[in-house]
Amino acid sequence: AKLGTWLFLASEVMLFGALFLFFILLRMGSPSWPHGWERLNVGLATLNTVFLITSSVTVIMSYLNISKGNLPGFKKYMWITILLGCAFLCVKYFEYSSKFHHGHYPSTDLFYGIYFVLTGLHVLHVIGGLIVNAYLVGPGTSLYKTNPGKFQGRIECAGLYWHFVDLVWIFLFPTIYLL
């Protein structure tokens, strides 16, 4: 399962890598390209960065707890991870709503097209991670009773994916919002 997770993450790295490369080539090739901080809310993006970095810590804590056989501790930290992911999505909702309210859509210009594609794809990955984590903290815990080792492996794979989502944001934030 871990090998499959790493292969999946490698394919996702290629997807996001191509999109980042596309953005950077367009950004460097156009002297009149707008800076992200001129058009985007850096404060909200910074808050989202804090949410995701903190959620990476809590997903590690959930794994450490389950590896010690502490199911309640695992659940506590996984729920915190889920809440932080949901907080990220709430902030993103308000950020997108503000853009739409001011008439900025993916079709507005190339900058917003790339912004919405990159951040929207990231949002979809966050939602996917939240679904997996919610399953593991909910009905998925029944596996812990019958096969704790296999359950721990699933938590490890989900954690790897969540760290990937966090890492993508660590690259998205400065690339889109600060350059």
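Student: How many salt bridges does the structure hold?
Tutor: Three, in this predicted model.

Student: Which residue does K92 form a salt bridge with?
Tutor: K92 pairs with E95, and their closest N and O atoms are 2.9 Å apart. Both residues belong to helix α4, three residues apart, which is about one turn of the helix.

Student: Are K92 and E95 buried or exposed?
Tutor: K92 is buried, because its relative accessibility is 2% and the cut-off for buried is under 20%. E95 is buried too, with a relative accessible area of 2%.

Student: What about K2, which side chain does it meet in a salt bridge?
Tutor: The side chain of E156, at 3.0 Å from N to O. K2 sits in helix α1 and E156 in helix α7, so this pair links distant parts of the chain, 154 residues apart. K2 is partly exposed at 39% relative accessible area, and E156 is partly exposed at 26%.

Student: And where do D109 and R39 lie?
Tutor: D109 is in the loop between α4 and α5, while R39 is in helix α2, so their pair ties together parts that are 70 residues apart in sequence. Their side chains meet at 2.7 Å, N to O.

Student: New topic. How many residues has the largest nonpolar core?
Tutor: It has 43 residues, and those with the most contacts inside it include F74, Y115 and W169.

Student: Which helix gives the most to this core?
Tutor: Helix α7, with 14 residues.

Student: What is W169 in contact with, leaving aside its neighbours within four places in sequence?
Tutor: Its contacts include A45, L52, F88 and H122, and K92 is also among them.

Note on methods
Residues numbered from 1 in each chain as written. Predicted model: local features only at pLDDT ≥ 70, side-chain atom pairs only at ≥ 80, totals over all residues. Heavy atoms only, no water. Core = buried A, V, L, I, M, F, W, Y, C linked by side-chain atoms within 4.5 Å. Buried < 20%, exposed > 50% of the residue type's maximum accessible area, 1.4 Å probe, protein only. Helix = DSSP H or I, 4+ residues; strand = E, 2+ residues; numbered from the N terminus. Contact = heavy atoms within 4.5 Å. Salt bridge = Lys/Arg side-chain N within 4 Å of Asp/Glu carboxyl O.
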